[in-house]
Amino acid sequence: MNFPEELRYSKSHEWVKNENDEVVIGISDFAQSELGDVVFINLPQEGDSVTVGEAFGDVESVKAVSDLICPVSGVVSAINEELLDAPEKLNRAPYGAWIIRVAEVSETEELLGSADYEAFCAAEG
Amino acid sequence: MGSYVPSTAPEQQEMLRALGMENVRELYRDVPESMYLNGPLNIPAGKSELEVRRAVTAMAAKNKVYHTILRGAGAYDHYIPSIVKYIPAKEEFLTAYTPYQSEISQGLLQSIFEYQTMICELTGMDVSNASVYDGATAAAEAAALCRDRKRRVTLVSAATHPDVIAAIRTYCYGTGDEMRLVPVKDGVTNFDMLKEMLTAEVASFYVQQPNFYGLLEDADTLGAAVHQAGALYIMGCHPIALAIMKTPRDCGADVAVGEGQPLGLPLGYGGPYLGFMAAAEKLMRRLPGRIVSETMDNEGRRAFVLSLQAREQHIRREKAGSNSCSNEALCALTASVYMAAMGPEGMAEAARQSMAKAHYLAKGLCALPGVSLRYGGDFFHEFLVDMPRTEEVLSALEKKNILGGLPFEGGVLWCATEKVSREALDEAIATVKEVLTR
Amino acid sequence: MKLLFEKSVQGRRCAILPTCDVPETALPERFARQAAPKLPELSETDISRHYTALCGQVHGVNSGFYPLGSCTMKYNPRIDEEMAALPGFADIHPLSPAHAAAGCREVLGTAKQYLCQIAGMDDMTFQPAAGAHGEFTGVLLIKQYHDSRGDKGRTKIIVPDSAHGTNPATAAMCGYEVVNIASAPDGCVDLDALRGALGADTAGLMLTNPNTVGLFDENILEITRLVHEAGGLCYYDGANLNAVMGVVRPGDMGFDCIHMNLHKTFATPHGGGGPGAGAVGCKAFLRDFLPRSALMEGGNGIQVRSFGGNFLVVVRALTYLLTLGREGIPEAAQNAVLNANYLMSQIKGSFAPAYDRVCMHEFVLDLSAFKKEAGVSALDVAKALIDYGMHPPTMYFPLIVHEALMLEPTETEDKETLDGAAAVFRTLYEQGHSDPAALQTAPHHTPIGRPDEVQAARHPVVRWEAT
């Protein structure tokens, strides 16, 4: 299991990266492994508002669906449309497959560093 | 008394003993005494099969089976080829549950995949579900899937079957959304009013083709206006007419639905029928109900499975777009067999003959004194006429074992299908003539 | 197997229609189709053999044991089919004049009378076409009731976490917020959780009893009393009525409205997924809110389907009710419960019941310990059962039990079948420990092995296309 040090993580298993005033969000390696094969992702639209602790989309496996919980509040500035056609990228390269970018970030939940997140996952798994 | 319990009394005792129980009441130990029924239900005692046959046959005998049916209005008396009745009666098709276990359900899954393909062919759309309850629920579900966060209002042409309008309104009532009726002009959707009503809050517009009066709507023009306003376009179609009529896809529809009953299902006093539902690919994951997909098994063989299940209620629960679970699978199978037996040419022939016979009937009736078409537009196999002495006319037809048209909005809505012979049409026309020239 | 389309030969056909005996009418060009639909062109022999072959790849109730929990896969009597096919029912137009459909009305009236007796309700509609459709109708009765009283603050429906997915989905379709309440450790309603969820915003509660783990909730009177006390109504999901019909009535448990699945409890066939019929019963105070057809009955309230519903399914159910009668109905329920308890007792030494106590018509096995020991999942066991000629139980439901297999044998199975099935479960339990791979790759004797469902969901192929 991979926990890149340059990222921060939410307890609902999203990874977060700051990039030029924007926040990039994806799901962690632990999350994709728990979900199993991701078959589809429901994404928000550009311009949608997102709120800390609320769902901004969901990911489907064959027999389950899981909400994607937003670790920040702000406005969606970009979505990764590639994932609509190739959701398997979330399994293959969870840290390469960003899901959304959020601008105008007004609030961020308390995030974990990679070591703390790894320990958190170990306890959960 | 009739029973389908195979266990004999000694076997039941043996099983109870194995459980350490003396009587059946112990099985229901969690049921409070206050509500446990100690006496029998107030219904008759059970009967043998022969007695039941007599009783139910006697009820059927109280209905009247007409020789000729000239009434449609949402339930159509098309001819049902013999093979169509036999195949869905095969025990495995009849008694299986939904094919969740694909390894022992390939036959069912393949038949649904074939049905989906046929519905796509008929409508020109990209994807069909495995069926919904009937044409009215298909329309209501279609309107629901077209709604998004910003666009919540559903427009419906007033020239739609009244039950379909009521079902759409009911589903809207459920979610607290609004349905608005677009008025009719000369028997078809009022185009100018539609354009005016297509505001930014409108999610979709539903039109029935042919409409409830049997008239052909200018479906392309309506669709273009709907899209221009950024809304989605739903067409409700007669499936046999589709064999010769411009496809919903070619008319610009985003969702095509309809009542599948004409495809080999008996009138059955209203059901079971079949709601067919197909959509453009972009809406695939918003479709309700079951969808079969082709894939491969672990040895690379062609296999079929229920797919896209994460849309459905058993996974998505309160976030599912629909609560749909059971559908009309056996009716969809019936429709498939019908379409296979008729083939493209047979379907088109049924459509052409229905249309020809309706026009023959209309011409014959309108030659009679005081009878005229209410609307001048092109029609398929139904038409509304104004005529005097409706009740007398219908009762004279009744005596000849003919079910005449449906009294509606002060006129009579007639229908003819390929099943009615010229001789029967002539008899009906002559009977009406007799009354009107009396 | 080849698809119908792949067997099609251009120009082949069945001779169905005569040549047209009236002058043709041309469809104006602007309405005409550009190209004919690519439907298959086949002979009647082709069609008959095709479907006979497909039939060979379907497991129905008549093929073998079908203990699919929560689906009540009982035997579907043939007389029911024959009665529904009588021309005096099948050929009746729904808009026939009243005197021409007197027999249909007698069927509906009689079925309503008997089913209201069984449910403990005062009135009923047959318009809903399925169980979930009945739930939708029933919850709309609740919504109309509150609306009619101007009681607009009731925005929530309470649903236990063990409920079928249709319950929360239905509540959402009726515009309600769903309040999921956790079940108590015994699988029944947690009264404290219920009390905590109830309030002035409660529109109602949706509940099955027996519940989805197959247990009769002994607190049922307290549950319905609490909901009523808060001003809500109680909806009975009749999914599990087969356990209690003729033994105890939902109306006497305190429920205000109910749906019954005629295709489960009253033996009408499932047809590979439908058609069903969801008769919805209610107490007298809700009667005015029942749906009616706009065209058939001049209704101007709610309507959930065209015309009067799946009438021919009601004919089948009535035939069944007439056959069983007042003694046969509780007899069926009692034997369904007896069979379930007996089967559970015979399996118990191997796989563990999730709730080890007297069950109703179905029970849930919890395979999580077995999975830990043997590395074999509930799915693997389900698939392995197929090789023994059994339809697998319901898997992974209810959600509150991990590695769940839910078995419902029904009353129409005999002791030999139950003994045989229990022996298979014991064999698989042993085999899971001795040769787990055999189960993990099951089934081995079916037309296909395990399909690639991931591929099917990622890149669905939902129709055939000519190559």
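Where in chain B is B:Asn401 found?

A: B:Asn401 is found in the loop between helix 12 (390–399) and strand 15 (402–403) of chain B; helices (H or I, at least four residues) and strands (E, at least two) are DSSP runs, numbered from the N terminus. Bear in mind that this is a predicted model: local features need pLDDT of at least 70, side-chain atom pairs count only at pLDDT 80 or more, and totals for chains, interfaces and linings use all residues. Residues are numbered from 1 along each chain as its sequence is written, while chains are lettered from A and ligands numbered from 1 in the order in which they are written.

Most residues other than glycine have a negative phi, and most peptide bonds are trans. B:Asn401 is partly exposed, because 13 other C-beta atoms lie within 10 Å (buried takes 20 or more other C-beta atoms within 10 Å, exposed 12 or fewer, partly exposed is in between, and C-beta atoms are placed from the backbone).

C:Thr72 sits in the loop between helix 2 (44–55) and helix 3 (78–84) of chain C. With 26 C-beta neighbours inside 10 Å, though, C:Thr72 counts as buried.

Back to chain B, where the domain assignment gives domain 1 (9–59), domain 2 (68–79 + 344–436) and domain 3 (82–337); such bounds come from an automatic or database domain assignment. The C-alpha centres of domain 1 and domain 2 of chain B are 52 Å apart.

Chain B also has an open sheet of seven strands, in the order 2-10-9-8-7-3-4 and with mixed pairing (two strands pair if DSSP finds at least two bridges between them). Its edges are strand 2 (127–128) and strand 4 (179–182) of chain B, each of which pairs on one side only. Further in, strand 3 (residues 153–157) and strand 7 (residues 202–209) of chain B run parallel over four bridges, and B:Thr154 has B:Ser204 in strand 7 as its bridge partner. Helix 6 (residues 135–146) of chain B lies across strand 3, strand 7, strand 8 (232–237), strand 9 (255–259) and strand 10 (275–279), at about 160° to strand 9 of chain B. That angle uses lines fitted to C-alpha atoms, for helices over the stretch in contact, and runs from 0 to 180 degrees between N-to-C directions.

Now for the peptide bonds. B:Gln209 and B:Pro210 are joined by a cis peptide bond, with omega about -15°. B:Pro210 falls in the loop between strand 7 and helix 9 (219–228) of chain B. Over in chain C, the bond from C:Asn209 to C:Pro210 is cis too, with omega near 5°, and C:Pro210 lies in the loop between strand 4 (202–207) and helix 9 (220–229) of chain C.

Zooming out on chain C, you get 17 helices and eleven strands. Of its 467 residues, 64% count as buried. The C-alpha atoms of chain C fill a box of roughly 75 × 65 × 45 Å along the principal axes.

The domain assignment of chain C gives domain 1 (78–322) and domain 2 (328–440), with C-alpha centres 29 Å apart. Across that boundary, 19 residues of domain 1 of chain C are in contact with 19 residues of domain 2 of chain C (contact puts C-beta atoms, placed from the backbone, within 7 Å). The domain 1 side has nine nonpolar, eight polar and two charged residues; here Ala, Val, Leu, Ile, Met, Phe, Trp, Tyr, Cys and Pro count as nonpolar, Asp, Glu, Lys and Arg as charged, and the others, Gly among them, as polar.

As for strand pairing in chain C, strand 8 (residues 352–353) meets strand 9 (residues 363–366) in the antiparallel sense over two bridges, with C:Pro353 opposite C:Leu365. Strand 9 of chain C also pairs antiparallel with strand 11 (residues 404–407) over four bridges, where C:Val364 is partnered by C:Met406.

Conventions. Contact = placed C-beta atoms within 7 Å.
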